[in-house]
Amino acid sequence: MTQSPTQPAHQTNRANDRTPTMHTTNGAPACCDANADTPPLHLIFVPFLSRSHFGPVTAMAAEADACHRGGRTAATIVTTRHFAAMAPASVPVRVAQFGFPGGHNDFSLLPGEVSAAAFFAAAEEALAPALGAAVRGLLREGGSTATVTVVSDAVLHWAPRVARECGVLHVTFHTIGAFAAAAMVAIHGHLHLREAMPDPFGVDEGFPLPVKLRGVQVNEEALVHLPLFRAAEAESFAVVFNSFAALEADFAEYYRSLDGSPKKVFLVGPARAAVSKLSKGIAADGVDRDPILQWLDGQPAGSVLYACFGSTCGMGASQLTELAAGLRASGWPFLWVIPTTAVEVTEQEERASSHGMVVAGRWAPQADILAHRAVGGFLSHCGWNSILDAISAGVPLATWPLRAEQFLNEVFLVDVLRVGVRVREAAGNAAMEAVVPAEAVARAVGRLMGDDDAAARRARVDELGVAARTAVSDGGSSCGDWAELINQLKALQLTLSRDRRTDAVTRD
């Protein structure tokens, strides 16, 4: 088993070790370096219609398509016109016609009063036939030697059925971590006993590490459709996580063992382009450098708190007011990115700007921000993409989960990895719906950036950052898992292709 992530072997210098070594062969990613004697495997990627899901799935598609130069794989993305505009330019896209009342295109931006179930149904109605058409088209184009596999987001429970009907293999891609996925399955089996369970309660006895959860951390929103997703996953050839072995190998193995199936689980992340973009802070081409990074260039090393709560934020006006006051009161320079231009946010921007930099209503280069030498901490909602960005860059976190599996991610960061501090703990473990006061925000920031345990947290996350960058480098664990998955898929698909040729001859 992989060394526990809670026991770093050595401390690294984060200021000087922020760039991964990405060796390549013949211009293709290192993960392509495997036997290319057989025809390329064509992977059709189908992400869910949500920005946080779309990014990691299509980043993996871009890497798979880059491997085409080495004869290993090719990729196609099936999505809607709205998301096609965000797809990697190198990857072909099959556009599905999608229409939803109110013009809503992105699940992550869906208003609370709009039915989530209706959006899922509309997504299936648009994407399922488009996926089937894409698979059948590639099989026709490739003839009897065509090898095609569908790789879809875990929440698209209908995708394995479409793949089966087309006679091709399916792979489930999880955009959450293996710890959260494993914990949700373990917890779900005991939900009927919840009223009688102690608080906090221990997760299943077979869990890789003893973990205790409070009742408020069990978010039933994330569990309600779990049986449906698990049943669909049972039809998949393999399961893939956007993670890496040094971080979650034990939890991935536990997840694999839960249903007793021989299905393999592969850790192929970090899948996002963030790792390859990590820089040491100041770029030579200052002309096109983002003003955010220019501002960070003028700050002392490790002094800035970066605050961002994802693409939706999800905080009300009163909480934004307390957050702004807490950031100012912390005494640490901060960079606060807010994905909206609401009036109350504009007011916070004006009030807070003298103490830091506030960016509202526009995209910010998060991977580059976290990789910057000036950033010493990350105040986050605990979304998995943000966690991977932070860990890959070696940045500890102040945790403030808002929904779904983010509460489990907080447990993973604080109790298992020990690279984070809880904001609500500084607020006396306030109820999840309660407004966290400014003084609690300031205390949490102070603990993260400079308490007695800060150095140890940084050492641990530094170690994980090195492991993340190693995993996606030549010979790394994630490259190895990706190559093994492709080899297994190609071998089985060749068998299926031979069977199709035999059937054709028999019919003739």
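View 1. Rings of Phe, Tyr and Trp (its six-membered ring) pair if their centres lie within 6.5 Å; planes under 30 degrees apart are stacked, over 60 edge-to-face, and the rest tilted. This is a predicted model, where local features need pLDDT of at least 70 and side-chain atom pairs count only at pLDDT 80 or more, while totals for chains, interfaces and linings use all residues. Residues are numbered from 1 along each chain as its sequence is written, and side-chain values use heavy atoms, leaving out hydrogens and water.

**View 2. Tyr 306 and Phe 378, a stacked pair.** Here the ring centres sit 4.8 Å apart and the planes are at 20°. Tyr 306 and Phe 378 are both buried.

**View 3. A cluster of Phe rings.** Ring pairs join Phe 48, Phe 98, Phe 100, Phe 107, Phe 119 and Phe 120.

**View 4. Arg 230 over the face of Tyr 255.** Arg 230 lies 4.8 Å from the ring centre; the cut-offs ask for NZ of Lys or CZ of Arg within 6 Å of that centre and within 35 degrees of the ring normal.

**View 5. Residues 279–285, where pLDDT stays under 50.** pLDDT is the predictor's confidence in each residue, from 0 to 100. The protein averages 82, and 78% of the residues score at least 70.

Definitions and conventions: Buried < 20%, exposed > 50% of the residue type's maximum accessible area, 1.4 Å probe, protein only. Contact = heavy atoms within 4.5 Å.
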